[in-house]
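Opening the notebook on a new model today. I want to go through the cross-links, the strands and the rings, in that order.

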Amino acid sequence: MTKTLFIICLIGMLSSCSSHEDNIDPNLMGIWKLSEVNNDPGDGSGVFLKVSSDKTLSFKEHKIITSNGSLCENTITSDTPSKGTFELNENSSLSGKIKSPDCNRLLSEVHFEIKESVLYVYYSCIEGCKAKYIKQK
């Protein structure tokens with residue numbers, strides 16, 4: 001009887017464990033297509049400009065992120081596949097940081113957030129540079 005009770009308790013404890021993955025908002029997961037970029041000249045006057053690009057970001061299970069372009073730079077090209085991982089901020093399931101072995105140390109800080117159904121990606125550069133991505137159906 002003691003063995004059975006121990007096994008039932010053990011199974012209950014293991015099945016009740018939840019991973020941090022459960023905190024990933026389903027609105028983040030999926031494919032996002034680049035729609036606009038903002039490369040500020042360094043004086044704060046930069047604005048978002050619509051682009052024609054096939055570049056996408058894909059947020060996947062196990063905190064994997066892939067792209068058909070660079071994850072590290074604010075480019076519109078889609079001929080340099082890259083992959084990495086993402087971490088969520090402690091206080092939000094819709095914002096965080098992207099890490100990729102493809103990024104050199106100077107371009108290693110890539111942050112993202114979703115506001116009003118738009119994914120904003122903030123790239124590391126001397127002047128401000130960011131991009132907007134729209135979720136694909």
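**Disulfides**

I started with the S-S bond of Cys72 and Cys103: its torsion is about -95 degrees, so the disulfide is left-handed. The sulfurs of Cys72 and Cys103 sit 2.0 Å apart, and a disulfide here is a pair of cysteine sulfur atoms within 2.5 Å.

Before going on, a note on what I'm looking at: this is a predicted model, with local features needing pLDDT of at least 70 and side-chain atom pairs counting only at pLDDT 80 or more, while totals for chains, interfaces and linings use all residues. Residues are numbered from 1 along each chain as its sequence is written, and side-chain values use heavy atoms, with hydrogens and water left out.

Where do Cys72 and Cys103 lie? I found Cys72 in the loop between β4 and β5 and Cys103 in the loop between β6 (95–99) and β7, so the pair ties together parts that are 31 residues apart in sequence. Elements are DSSP runs numbered from the N terminus: helices are H or I with at least four residues, strands are E with at least two. Both Cys72 and Cys103 are buried (buried is under 20% relative accessible area, exposed over 50%, partly exposed in between, with a 1.4 Å probe and protein chains only).

How many disulfides does the whole structure hold? My search gave 2. The other entry joins Cys125 to Cys129, again with S to S at 2.0 Å. Its S-S torsion is -140 degrees, and the link of Cys125 and Cys129 is left-handed. I checked cover on either end: Cys125 is partly exposed at 30% relative accessibility, whereas Cys129 is buried at 9%. Counting bonded cysteines along the chain, the pattern reads 1-2, 3-4.

**Fold overview**

I counted 1 helix and 9 strands in the protein chain. From the N terminus on, the order is α-β-β-β-β-β-β-β-β-β. Of the 137 residues, 34% are buried. I also looked at contacts (heavy atoms within 4.5 Å): of those with a separation of 6 or more, 44% are between residues 24 or more positions apart. The accessible surface comes to about 8,800 Å², with 56% of it on carbon and sulfur atoms; this is Shrake-Rupley with a 1.4 Å probe, and for residues only the protein chains shown count as cover.

**Strand β3 and its partners**

Next I went to β3 (residues 56–60), which is mostly covered, with 4 of its 5 residues buried. Which strands pair with β3? Strand β1 (residues 30–39) does, antiparallel over 4 bridges, and strand β4 (residues 64–67) does too, antiparallel over 4 bridges. Two strands pair if DSSP finds at least two bridges between them. β3 and β4 make a hairpin with 3 residues between them, and His62 in the turn has a positive phi of about 65 degrees.

**Aromatic pairs**

I searched the whole structure for ring pairs and got 5. The cut-offs: rings of Phe, Tyr and Trp (its six-membered ring) pair if their centres lie within 6.5 Å, and planes under 30 degrees apart count as stacked, over 60 as edge-to-face and the rest as tilted. Phe86 and Phe112 are edge-to-face, 6.2 Å centre to centre with 80 degrees between the planes. This pair links distant parts of the chain, as Phe86 is in strand β5 (residues 82–88) and Phe112 in strand β7 (residues 110–115), 26 residues apart.

**Lysines over rings**

What lies over the face of Phe48? I found Lys132 there, at 4.6 Å from the ring centre. The test is NZ of Lys or CZ of Arg within 6 Å of the ring centre and within 35 degrees of the ring normal. Tyr120 has Lys115 over its face, at 4.9 Å from the ring centre.

I stayed with Lys132, which lies in strand β9 (residues 129–135). Lys132 counts as buried, at 17% relative accessibility. Leaving aside neighbours within four places in sequence, its contacts include Lys33, Glu36, Phe48, Val118 and Tyr120.
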